[in-house]
Amino acid sequence: MVGDSIRRGKSQRGPESREGFREVPIEQVRGFWDGRPCNIRHSQRQVGTREYFDEVEERKYFVEPHIKDFACFERWRGKKVLEIGCGIGTDTINFARHGARVTAVELSEESLEIARTRAGVYELGGAIEFYGGNAEALAEFVPAEAYDLVYSFGVIHHTPHPERVLEQIRRYVEPGSCVKIMVYNRRSWKVLWIVLAYGKGRFWRIKRLIAENSEAETGCPVTYTYTRKEIRELMEAHGFKVEDIRTEHVFPYRIADYVQYRYVKVWYFRCLPRRLFSWFERRCGWHLCVTATVPEPGLEV
Ligand SMILES: C[S@@+](CC[C@H](N)C(=O)[O-])C[C@H]1O[C@@H](n2cnc3c(N)ncnc32)[C@H](O)[C@@H]1O
């Protein structure tokens, strides 16, 4: 396993440190996600039933189709996957369904309970070990061992100290391991939309506005955003070799219809040819999907 040699100076920086995110108690973060677990309303059926979970999955991968390409579930058959921030377990289930042995960690007890139920519903409980806790202190509750993949989709930007999670991840990798994380893109259409629609153009409040409006439920206590350069530097400061950063995901639907489970695009995206829309997503998407590896000793970045 790779040691903890981290170049701390670089990893501690980040413009949002001035926004107070670093001072947010982890209990407040947990409270937010317990109050509304991520994607909990992706189906109107009774939570915990197979029909409910089927619909949650269908909607998630319909709205965020890039996840399947990014996670590449089939590639991890027979491998060990550590998922950080599994939420209600949509990707967790898919890793397990494709034959991976999964360790899933989640801060929110409410989310974890649903993810556990889900594993039971699909009879995949034997392939998944669940742990509740704060990934900033992962080594305190998850036994240290090397994983083939450490995966974290949309999580580390919601914790007060993302760099601590990356420090912890170092204990669960070895040369050849792969790390895939998704963080939010500051230079995105969504940020522009948030600032114009919710902030009435008050650009100087940008980081607060993003946090308040980044999720389905308003008032998320911590939402950092990154530029490609910032996330690359943060990963490299923790000894990961960044292989690829992809910009994905522009949400094209009218919210009023979307919450009624209808998928009607806003007029300007309806007018945009599909190829142009894809091009736009690659430049202004909300998701920075980062794939990194752990280099052999002596070949560190
Ligand atoms: C936007 S949701 C994403 C959930 C899941 N990865 C998905 O894609 O559906 C963010 C999740 O990160 C979890 N989270 C935030 N901070 C965490 C931390 N420090 N440790 C573990 N989980 C955390 C939240 O509880 C929440 O479930």
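Q: Which handedness does the β-α-β unit made by β2, α6 and β3 have?
A: In this predicted model, β2 and β3 run parallel and are joined by five bridges. Helix α6, residues 109-121, packs on the sheet and touches both β2 (101-106) and β3. The unit that β2, α6 and β3 make is right-handed.

Q: What angle does the direction of helix α6 make with that of β3?
A: Helix α6 touches β2 and β3 as it packs on the sheet. Angles here run from 0 to 180 degrees between N-to-C directions. For α6 and β3 the value is about 165 degrees.

Q: Which residue is the bridge partner of A104 in β3?
A: Strands of a sheet pair through backbone hydrogen bonds, either parallel or antiparallel. Five bridges join β2 to β3. The partner of A104 in β3 is F130.

Q: Which strands are the edge strands of the sheet?
A: Seven strands form an open sheet with mixed pairing, in the order β3-β2-β1-β4-β5-β7-β6. An edge strand here pairs on one side only. That holds for β3 (128-132) and β6 (241-248).

Q: How many bridges join β6 to β7, parallel or antiparallel?
A: Strand β7 covers residues 287-293 and runs antiparallel to β6. One of the paired positions is I245, whose bridge partner in β7 is V290. The number of bridges joining β6 to β7 is seven.

Q: Across which strands does helix α10 lie?
A: Helix α10 spans residues 228-237. The helix runs at about 150 degrees to β6. The strands it lies across are β5 (178-184), β6 and β7.

How values were computed
Residues are numbered from 1 along each chain as its sequence is written. This is a predicted model: local features need pLDDT of at least 70, side-chain atom pairs count only at pLDDT 80 or more; totals for chains, interfaces and linings use all residues. Two strands pair if DSSP finds at least two bridges between them. Helices (H or I, at least four residues) and strands (E, at least two) are DSSP runs, numbered from the N terminus. Two residues are in contact if their C-beta atoms, placed from the backbone, lie within 7 Å. A crossover is right-handed if, with the strands pointing away from the viewer, the path from the first strand over the helix to the second runs clockwise.
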